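Please read the points in order.

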Amino acid sequence: MDRTEEQWLEGLRETVDKVLPIRHYQESYGAIGIKRAEDIKSLKDFQRLPLTTKEDLRKNYPFGLFAEPMENIVRLHASSGTTGKPTVVGYTRQDITLWAKIVANELKRVGVTKKDVVQIAYGYGLFTGGMGLHYGCEELGAIVVPISGGNTARQLMLMRDFGSTVLACTPSYALYLAESLEESQISRDELKLKIGIFGAEPWTEGMREEIEARLGIKAFDIYGLSEIMGPGVALECPAHQGLHIDEHFYPEILDEEGNPLPDGELGELVITSIEKEGFPVLRYRTKDLTTLHYGTCSCGHVGWSMDRVSARVDDMLIIRGVNVFPSQVEEAILLEGFEPHYLLVVYRVGNLDQLEVQVEVSEATFFDEVRELEGRQDRLKKRIEDALGISVRIRLVEPKSIPRSEGKAVRVIDKRNKEG
Amino acid sequence: MLQLSIFLENAKGRLAEVISLLAECKVNLRALSLADTKDYGVLRIIVDNPEETAVKLRERKVVVSLTPVWVLKVPDRTGGLAEVLNQLVQQDVVVEYMYAFVEKENEQALVVLRVQDKAIMEKAMQTLNLPVK
């Protein structure tokens, strides 16, 4: 839907209205003279509002930023609290319905229908991935297989026996399933799989091509995070013209200092929810780096689109003062014909940071002649170094020696802190 | 003849593991050589049934490739190998690597040769008519 500035403002004001009774917002908005939603006269005014961060959620743990009384909350989700307390979000019945409708609409756009059998191999539980897709598929009327993550042999068996046509999971798990399929007694011809809905971790275009080729499906990138709603904030369009953002989310792109950037420029994605009740978010910093575009797509979508998330601010490594993202390494690895099973190990020798990239050797990249193997290794080294701007050490390792993940892949081991 | 080339990560016990795997598969090693670099090694072996062994190793997640090599009989006396090599050099054969072993039944000395250009080697072998295993 094409909205005018005034129409967006109306939605944004409603969200401001909803959060103003909450102390955290009252204080921070009051400090810049915003006491009522009507004080926001333009998008420029809106952009003056302080940003909300994960830290704000932690400070108000667990329910301090909920906008509805607890009796109206029907579900809680939480993100993993690896660095402290988890961030908790609450949904009203209306929120759950809205979320399901958003996901259903998006799935419909990439060709999922009520006749499809959707195997949801995202984790179920506090993580929003499993439940988010689940409710969306049910809303659509598709047959849901709530298998959750893990138990790869059973995933493949049921994929065949139930005739699953759609697979939803992280891209790294999809690749692991493809790899396991090739080694199993089940042949691709016995499967009916045609569409993949993959997300919850950054992945590259090369990774998509790899998954599409090995599983023989069309793969689509789904975006979301629990603080905003969960999966379905955006889904890639069938024309692969970026990820279309649902109209219940108002996106902005900011530079490192928090200044708004124009369309097409790379920066941090910031989102405000519209019509959300239990846990409305205002100008939430996603820590995801992408670019925004506004317009009409050939698939019929009108509104905001975002590019594939190239990296998470949190995934960024600073090595010898240079910003390094694992996705840059993944791209180079795929371009040199290696398999996308890799691990970045950062360590320190003396006062100097070192980056070691471990890559698995496969039948396709192994050569009997050491000279040729080393040549391949050198080409990969050069490509990664060109992309990152720092020197790296490449270590070829045996297949399957890098642990496979059933959820989000572990791409980095940083040993610098432990070694002090 | 086909040689098996196996990728080995430089990890403690990995060589012993793979050699044990070959024993489990009831493979008799006729000859063996190990090329090593800082991080990994390439184990090259001559066995009786290379194709069959490769399948078994792949089932056990070992990266292996089959490499065509020549196994030449070499006169077991001083200068025997030099004679053979000099003849090959005259035919423009470039050797990538080489290792030797002895057949115990007849005490025959053998060398495994990997050459840069297969066609040149084939032509040289036709011309020289060197004894092969």
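What pattern does chain B follow, read along the sequence?

1. Chain B follows the pattern β-α-β-β-α-β-β-α-β-β-α. Its secondary structure comes to four helices and seven strands; helices (H or I, at least four residues) and strands (E, at least two) are DSSP runs, numbered from the N terminus.

2. On conventions: this is a predicted model, in which local features need pLDDT of at least 70 and side-chain atom pairs count only at pLDDT 80 or more, while totals for chains, interfaces and linings use all residues. Residues are numbered from 1 along each chain as its sequence is written, and chains are lettered from A and ligands numbered from 1 in the order in which they are written.

3. The C-alpha trace of chain B spans about 40 × 30 × 25 Å along its principal axes. Of its 133 residues, 24% count as buried (a residue is buried if 20 or more other C-beta atoms lie within 10 Å of its own, exposed if 12 or fewer, and partly exposed in between, with C-beta atoms placed from the backbone). Among the contacts in chain B with a separation of 6 or more, 63% are between residues 24 or more positions apart. Two residues are in contact if their C-beta atoms, placed from the backbone, lie within 7 Å.

4. An unreviewed UniProt entry carries the annotation "domain: ACT" for residues 3-79 of chain B. UniProt positions are given in the numbering used here, feature names are shortened, and annotations may be inferred rather than shown by experiment. Over residues 3-79 chain B is 27% helix and 43% strand, with the end C-alpha atoms 26 Å apart.

5. In chain B, four strands form an open sheet with antiparallel pairing, in the order β2-β3-β1-β4. Two strands pair if DSSP finds at least two bridges between them. In chain B, β2 (29-36) and β4 (64-68) stand at the edges with a single partner strand each, so one side of each is left without a neighbour in the sheet. From one strand to the next, the twist averages 25 degrees.

6. Within that sheet, β2(B) is joined to the antiparallel strand β3 (residues 40-47) of chain B by seven bridges. B:Leu29 has B:Val47 in β3(B) as its bridge partner. Helix α2 (residues 50-59) of chain B lies across β1 (2-9), β3 and β4 of chain B, and runs at about 165 degrees to β4(B). Axes are lines fitted to C-alpha atoms, for helices over the stretch in contact, and angles run from 0 to 180 degrees between N-to-C directions.

7. Chain B is assigned domain 1 (2-68) and domain 2 (70-128); domain bounds come from an automatic or database domain assignment. The C-alpha centres of these two domains of chain B lie 23 Å apart. Seven residues of domain 1 of chain B and six residues of domain 2 of chain B make up the contact. On the domain 1 side, β2 and β4 of chain B are the elements that give two or more residues. β2(B) gives the most to that side, with three residues.

8. Where do chains A and B meet? The contact takes 15 residues from chain A and 13 residues from chain B. On the chain A side, α11 (370-388) and β20 (393-397) of chain A each supply at least two residues, and β20(A) gives the most, with three residues. By class, the chain A side has six nonpolar, two polar and seven charged residues. Ala, Val, Leu, Ile, Met, Phe, Trp, Tyr, Cys and Pro count as nonpolar, Asp, Glu, Lys and Arg as charged, and the others, Gly among them, as polar.

9. The assignment for chain A gives domain 1 (1-48), domain 2 (91-312) and domain 3 (316-419). The C-alpha centres of domain 2 and domain 3 of chain A lie 27 Å apart, and 17 residues of domain 2 of chain A are in contact with 14 residues of domain 3 of chain A. The largest share of the domain 2 side, four residues, comes from α8(A).

10. Is A:Lys85 buried or exposed? A:Lys85 is exposed, with 12 other C-beta atoms within 10 Å. A:Lys85 lies in the loop between β1 (73-78) and β2 (88-92) of chain A. Not counting residues up to four places away in sequence, A:Lys85 touches A:Arg58 and A:Tyr61.
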